[in-house]
Amino acid sequence: MQIQHYLDKNFQTPAYILEEEKLRKNCELLAKVSEQSGAKILLALKGFAFSGAMDIVGEYLSGCTCSGLWEAKYAKEFMNKEIHTFSPAFKEDEIDEIVKLSHHIVFNSFNQFKKYKEKAKQKSIGLRCNPEISVAPKEIYNPCGKYSRLGIRSCDFENEDIGEVSGLHFHALCEESAHSLELVLNAFEDKFQPYIKKMKWINFGGGHHITRQGYDVQKLIDICKKFSDKYNVQVYLEPGEAIGWECGSLVASVIDIVENEKKIAILDVSSEAHMPDTIIMPYTSEILNARILASRDGMRYSELKKGEVSYLLGGNTCLAGDIMGEYAFDKELFVGQKIVFLDQIHYSIVKNTTFNGVRLPNLMMLDKNKKLSIVREFGYENYSKRN
């Protein structure tokens, strides 16, 4: 882990650190998938948006997929390649600018398609489909669950004129395998085949855990190529987490240590504000030079070994449940010590908040020449201007 060499007593926390070499490694793998499968890969900004790295990602990927106006503007400003925009419902006061910025515009319903198709007719229009199957790990991440507002069912396509539609989009995965994609794609093909044959492109959505160790990359390549050849369409993939996977950390400092039956280290980061997916998913973050003993809710992973010292790690907010978990360290912690939470670049920066007036972590990058620099620095005004 290279960043530990930079964490002296003068290193200002909290801070996210993105490592360029690891980011490039992820992007190189994605570029290989694109080259060998013919699929175009887009960065889903909802999962990874780091302004100082957009030009790097742009060297490898075809563009960005956006969830609305601000992400589309961000994609234009920081990458300026293909921009694909989908929203569950576009607003009238934003649609004109979205159309101007975007290359593909994907509508979530026939109501929205009919309302805005004249405005969007100079761009490539798509419809989001609901294949009514999902292997998402939790219902909160299941876009094809019961009563889902996301996507159009195949039965709702009947008697609709889709002559102005160029492509179809579906999204049903969350941190899933190529095998899971195959299951969903088979259901999509079964339900929407008559319409697929009329399209120029099909977007397989996101949630593909391509850069995770053990992912069957060749299977993904084969799936994309086979589908593209069968229907003569351009295939798109739009991962977010896979771009930022294991390429960055969140660095905190110990600011106090208290005891209440257990040793408790209070840090200058917050699970609620800075690592929200550790609560929502939930999961327990790995820490550099430490072992997980228990999750934030007390579920045991392992037991303390001889010579180790255990600490509950908690945030500096008033939320009682702002706990990261219990960890084993080789030595006693001390005030001012740096704690490095691993794999905290994806779905963290894009979700973090100033809840309770906590400070937003600075954004930093360790470049390929081993130079560490600040990309974004945050202060009080970032709190005061949003409250």
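Mentor: A residue is called buried here when its relative accessible area is under 20%, exposed when that area is over 50%, and partly exposed in between (1.4 Å probe, protein chains only). The model is a predicted one, in which local features need pLDDT of at least 70 and side-chain atom pairs count only at pLDDT 80 or more, while totals for chains, interfaces and linings use all residues. Residues are numbered from 1 along each chain as its sequence is written, and side-chain values use heavy atoms, leaving out hydrogens and water.

Trainee: OK, so is N80 buried, exposed or partly exposed?

Mentor: N80 counts as partly exposed, at 46% relative accessibility, and its phi is positive, near 60°, although the residue is not a glycine.

Trainee: And where is N80?

Mentor: N80 sits in the loop between α3 (69–78) and β4 (82–86), where helices (H or I, at least four residues) and strands (E, at least two) are DSSP runs numbered from the N terminus.

Trainee: What about E175, what is its phi?

Mentor: The phi of E175 is also positive, at about 55°, and this residue is not a glycine. E175 belongs to the loop between β7 (167–170) and α6 (178–196), and with a relative accessible area of 28% it is partly exposed.

Trainee: Why flag those at all?

Mentor: They are flagged because most residues other than glycine have a negative phi, and most peptide bonds are trans.

Trainee: Which peptide bond is cis, then?

Mentor: One of them runs from T13 to P14, with omega near 0°, and P14 lies in the segment before β1 (15–19). The bond from M281 to P282 is cis as well, with omega near -15°, and P282 is in the loop between α10 (277–280) and β12 (291–294).

Trainee: Switching to α7, which residues are buried there?

Mentor: In α7 the buried residues are V217, L220, I221, I223, C224, F227, S228 and Y231. They cover an arc of only 165° around the axis, taken from the directions between the helix axis and the C-beta atoms, which means that they lie on the same side of α7.

Trainee: What do they pack against, and what is on the other side?

Mentor: The buried residues pack against α1 (20–37), α6, β8 (201–203) and β9 (234–237), contact meaning heavy atoms within 4.5 Å, whereas K226, D229 and K230 are exposed on the other side of α7.

Trainee: What follows α7?

Mentor: N232 follows α7, and its phi is positive, near 55°.
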